[in-house]
Amino acid sequence: MFAIDQIILLAAILLLLGILSSKLSARIGLPVLVLFLLVGMLAGEDGIGIAFDNAVGAHALGTLALAMILFDGGLQTPLSSIKRVWKPASLLATVGVLITAAITGLAASLILGLPMLEGMLLGAIVGSTDAAAVFSLLRNAGIHINPRLKSTLEIESASNDPMAIFLTVGLLEILVNGMKPGIGLLQLFVMQMGVGALVGLSIGWFAVKVINRIHLTASGLYLVMTTAFGLLAFGIAANLGGSGFLAIFITGVMIGNKRFAFQRSTFLFHDGLAWLSQIVMFVALGLLVNPESLLDVWLEGLLIAAVLVLIARPLAVAPILKFFGFNNREIGLISWVGLRGSVPIILAIFPLLFGLPGAELIFDVVFFVVLISATIQGSSMPWLARTLRLTEVPPTTSAATLEITSLGDVDAEIVEYTLSENPRVDGKLLSQMALPDSALVAMISRDSTIIPPRGSTRLKQGDHLFVVLRPELRPFVDCVFSPTPVVEISLLLQTPVDLKGSTRAGDIHWAYGVRLSDDLAITLEQLVKDALETDAVCGVKLRIGYAQLEVVDVINDRIKTIRLSVDTNP
């Protein structure tokens with residue numbers, strides 16, 4: 001038997017244990033990253049006996065895995081989320097990390113009896129929140145918080161690694177190589193942020209162009225190509241002195257917010273790859289630590305974790321968030337959900353690689369702080385969000401987009417809508433939905449039954465509707481299946497929408513909030529004909545308050561399609 005045969009067997013067993021532990025996570029309320037770490041610790045020398053003490057290998061493996069996790073996070077991050085919170089998130093990712101690191105570093109120096117710079121190094125290592133931990137928690141916690149809070153936490157965690165790396169590497173250069181503080185540190189910071197952002201934007205733009213224009217014989221190569229572009233962004237940025245983590249996240253955002261071939265398959269592929277990366281990374285980091293050494297620093301680690309969670313993080317984020325209009329409850333949740341995960345552990349390997357005396361103590365303390373942070377903060381986050389009344393009913397948006405797999409220019413997609421609890425459409429007929437003319441309900445899934453959609457089909461809570469539509473019609477269909485009435489629908493309807501002539505005025509008022517007539521049973525066709533008192537022809541327009549109706553299609557004196565628009569400045 002070759003050695004690789006045993007390695008493959010052990011790797012498969014550890015992967016399966018990691019996957020099965022994710023099921024246990026939901027039952028006991030622990031974040032999956034804690035369980036992955038525990039699997040690695042139990043599999044180590046003090047457990048079943050797997051020896052793994054290669055810090056260089058762990059650093060390389062962790063870096064690659066974290067890059068893949070950030071790339072997947074970027075693919076799933078809407079550009080609208082970044083635009084909504086980029087100002088507070090960018091300050092949290094820079095100034096917030098600096099304040100957190102300074103306060104925690106001062107405490108670590110006093111608690112551990114370390115020189116001030118070494119204490120600050122420990123503070124810098126644990127100063128950033130972890131993207132893998134935050135993404136996993138927010139997307140698998142079983143609760144829904146408002147988009148601004150969720151976006152702030154995710155964008156902060158994805159973009160604050162460069163600051164932590166800058167502080168860690170800078171302090172190590174001062175401690176080990178004698179670099180003088182000042183212009184050198186500033187140059188390092190500018191290079192990390194500037195080069196990382198520039199490379200990410202450039203590679204992301206280039207990747208979308210290439211993916212949509214190149215024709216490959218095997219469809220699976222498109223998924224591999226997307227991954228290659230992400231790694232290319234990381235590699236170029238890192239080799240130019242920038243932040244590879246920031247570059248690969250921005251590349252993911254650039255690609256994920258554009259339409260490209262095999263988009264849905266790419267998202268599913270990278271979601272699975274991100275989960276694989278999480279399991280491999282946390283299990284490997286768990287293998288690296290010696291559980292007995294954690295017992296030697298448990299008290300010091302607990303005190304440092306308490307300062308980090310209860311003092312440093314709140315003091316760092318509260319002034320920033322208050323300035324941007326967050327209320328006290330929102331500030332409290334963001335302060336608490338500052339999870340530490342793989343990034344601090346990977347950064348804690350840096351002192352080992354630099355040969356810093358006492359690096360083992362720093363690594364053990366950081367590992368213990370991460371365990372405490374992930375366990376206590378991660379497991380209590382859903383409870384705290386409910387206690388602070390910051391949870392919301394999940395919006396009925398697409399549960400999944402099932403792409404039409406074609407390399408040609410097919411201007412359509414298939415979107416799945418899941419009717420959540422107490423939907424507005426419960427009990428209504430499909431013909432009463434006032435869907436855009438070119439949007440077609442292709443299939444309805446109810447429990448284990450497939451229902452052919454007809455106008456007389458009555459919708460029920462829990463139904464899954466598969467709708468074929470053009471991308472520009474997505475906001476209108478989202479509006480129809482929204483669980484609550486839309487407030488500012490007039491802004492949405494400044495973009496015209498084509499409706500069937502048989503659509504009733506009452507259904508339009510219910511779906512879009514636009515009242516066209518007191519007679520809710522009248523159809524758009526009849527409404528136009530009554531107003532014109534003559535035969536309708538294409539191009540004829542009718543003004544009703546803020547609404548405008550335009551005849552688009554007429555067949556045998558029947559108005560088949562009418563365009564509805566709303567102008568708030570008639």
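Is K529 buried, exposed or partly exposed? K529 is partly exposed, because its relative accessible area is 26% (buried means under 20%, exposed over 50%, and partly exposed in between, with a 1.4 Å probe and protein chains only). This is a predicted model, in which local features need pLDDT of at least 70 and side-chain atom pairs count only at pLDDT 80 or more, while totals for chains, interfaces and linings use all residues. Residues are numbered from 1 along each chain as its sequence is written, and side-chain values use heavy atoms, with hydrogens and water left out.

**Salt bridges**

- The structure holds 11 salt bridges (a salt bridge is a side-chain nitrogen of Lys or Arg within 4 Å of a carboxyl oxygen of Asp or Glu).
- One of them joins E525 to K529, with an N to O distance of 3.2 Å.
- E525 and K529 both belong to helix 21 and sit 4 residues apart, about one turn of the helix (helices are DSSP runs of H or I with at least four residues, strands are runs of E with at least two, and both are numbered from the N terminus).
- E525 counts as buried because its relative accessibility is 8%.
- E525 also forms a salt bridge with R558, where the closest N and O atoms are 2.8 Å apart.
- R558 is in strand 9 (residues 558-566) and E525 in helix 21, so this pair ties together parts that are 33 residues apart in sequence.
- R558 has a relative accessible area of 48% and is therefore partly exposed.
- Through shared partners, the salt bridges join E525, K529 and R558 into one network.
- Another salt bridge links D437 and K500, with 4.0 Å between the closest N and O atoms.
- D437 lies in the loop between strand 2 (413-418) and strand 3 (440-446), and K500 in strand 6 (residues 497-500), so the pair ties together parts that are 63 residues apart in sequence.
- D437 is partly exposed at 30% relative accessibility, and K500 is partly exposed at 35%.

**Helix 4 and helix 14**

- The axes of helix 4 (residues 79-112) and helix 14 (residues 298-323) come within 8 Å and cross at roughly 150 degrees (axes are lines fitted to C-alpha atoms, for helices over the stretch in contact, and angles run from 0 to 180 degrees between N-to-C directions).
- The residues of this contact divide into 21 nonpolar, 3 polar and 2 charged (Ala, Val, Leu, Ile, Met, Phe, Trp, Tyr, Cys and Pro count as nonpolar, Asp, Glu, Lys and Arg as charged, and the others, Gly among them, as polar).
- A93 is located in helix 4 and counts as buried at 3% relative accessibility.
- A93 and T129 are 36 residues apart in sequence, with their C-alpha atoms 8.7 Å apart in space.

**Surface patch**

- W298, L299, L302 and L303 make up a nonpolar patch on the surface, with about 370 Å² of accessible area together (patch residues have over 30% relative accessible area and no salt bridge; like charges are joined within 9 Å, and nonpolar side chains, meaning Val, Leu, Ile, Met, Phe, Trp and Tyr, within 5 Å; areas come from the Shrake-Rupley method with a 1.4 Å probe, and for residues only the protein chains shown count as cover).
- L303 is part of helix 14 and is partly exposed at 41% relative accessibility.

- V537 sits in the loop between helix 21 (524-532) and strand 7 (541-544).
- V537 counts as partly exposed, at 47% relative accessibility.
- V537 and I559 are 22 residues apart along the chain, and their C-alpha atoms are separated by 8.4 Å.
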